[in-house]
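Trainee: I would like to go through this model by question and answer. Please put it up first.

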Amino acid sequence: QVQLVESGGGSVQAGGSLRLSCAVSGYTRSTYYMGWFRQAPGKEREGVAAIYHGGGDTYVTYYQSSVKGRFTISRDNAKNTLNLQMNSLKPEDTAMYYCAADKRPGSWSDYATYTYWGQGTQVTVSS
């Protein structure tokens, strides 16, 4: 079992920054892929960014095109945390953000194939 707990959400004005964190505990060998997803009211959950740990210092990152260059995903295995630095936030980034993990999802952005989920943290960006 893997437990994920997000923190760091809040309300900011457009152009501002937030840093989300996800504390990971449990059987972390099931977390080769870790990602951030978001869901706005009335919309489907979508992948924002993900990171694959291939062993040692090998990491591969993935980003949704709308956040590339603004968001940075990182993973600290020593502290068992996943982070998402969000800069230049836009009102359309407003959503509930979820941390997710899986040993081998269908694809990095396919939320239906991730096994472990956090409870979510709200991000609100005002114009």
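Trainee: Which cysteine does the disulfide join to Cys-22?

Mentor: A disulfide here is a pair of cysteine sulfur atoms within 2.5 Å. A search of the whole structure gives one disulfide. The S to S distance is 2.2 Å, and the residue joined to Cys-22 is Cys-99.

Trainee: What is the handedness of the link between Cys-22 and Cys-99?

Mentor: The angle about the S-S bond is -80°. With that value, the link of Cys-22 and Cys-99 is left-handed.

Trainee: Is Cys-22 buried or exposed, and how is the model to be read?

Mentor: This is a predicted model, in which local features need pLDDT of at least 70 and side-chain atom pairs count only at pLDDT 80 or more, while totals for chains, interfaces and linings use all residues. Residues are numbered from 1 along each chain as its sequence is written, and side-chain values use heavy atoms, with hydrogens and water left out. Buried means under 20% relative accessible area, exposed over 50%, and partly exposed in between (1.4 Å probe, protein chains only). Because its relative accessible area is 0%, Cys-22 is buried.

Trainee: Why does Ala-49 count as buried, and which residues does Ala-49 touch?

Mentor: Ala-49 sits in strand β5 (residues 46–55). Its relative accessible area is 1%, so Ala-49 is buried. Contact means heavy atoms within 4.5 Å. Not counting residues up to four places away in sequence, Ala-49 touches Met-34, Gly-35, Trp-36, Tyr-62, Tyr-63, Ile-73, Leu-84 and Trp-108.

Trainee: Is Arg-70 buried or exposed?

Mentor: Arg-70 lies in the loop between β6 (58–63) and β7 (71–76). Leaving aside neighbours within four places in sequence, its contacts include Gln-85, Asn-87 and Asp-93. Because its relative accessibility is 11%, Arg-70 counts as buried.

Trainee: What is the C-alpha separation of Gln-119 and Glu-6?

Mentor: Gln-119 is in the loop between β10 (116–117) and β11 (121–126), and is partly exposed at 47% relative accessible area. Leaving aside neighbours within four places in sequence, Gln-119 is in contact with Leu-4, Val-5, Glu-6 and Tyr-98. Gln-119 and Glu-6 are 113 residues apart along the chain, yet their C-alpha atoms are separated by 7.0 Å.

Trainee: How many strands does the protein chain have?

Mentor: Read along the sequence, the pattern is β-β-β-β-β-β-β-β-β-β-β. The protein chain has zero helices, and its strands number eleven.

Trainee: What radius of gyration does the protein chain have?

Mentor: The radius is taken over C-alpha atoms, and the globule rule is 2.2 Å times the number of residues to the power 0.38. With 127 residues, a compact globule would therefore come near 14 Å, and the protein chain agrees with its 14 Å.

Trainee: What share of the residues of the protein chain counts as buried?

Mentor: Along its principal axes the C-alpha trace spans about 40 × 30 × 25 Å. Of the 127 residues, the buried share is 43%.

Technical notes. Helices (H or I, at least four residues) and strands (E, at least two) are DSSP runs, numbered from the N terminus.
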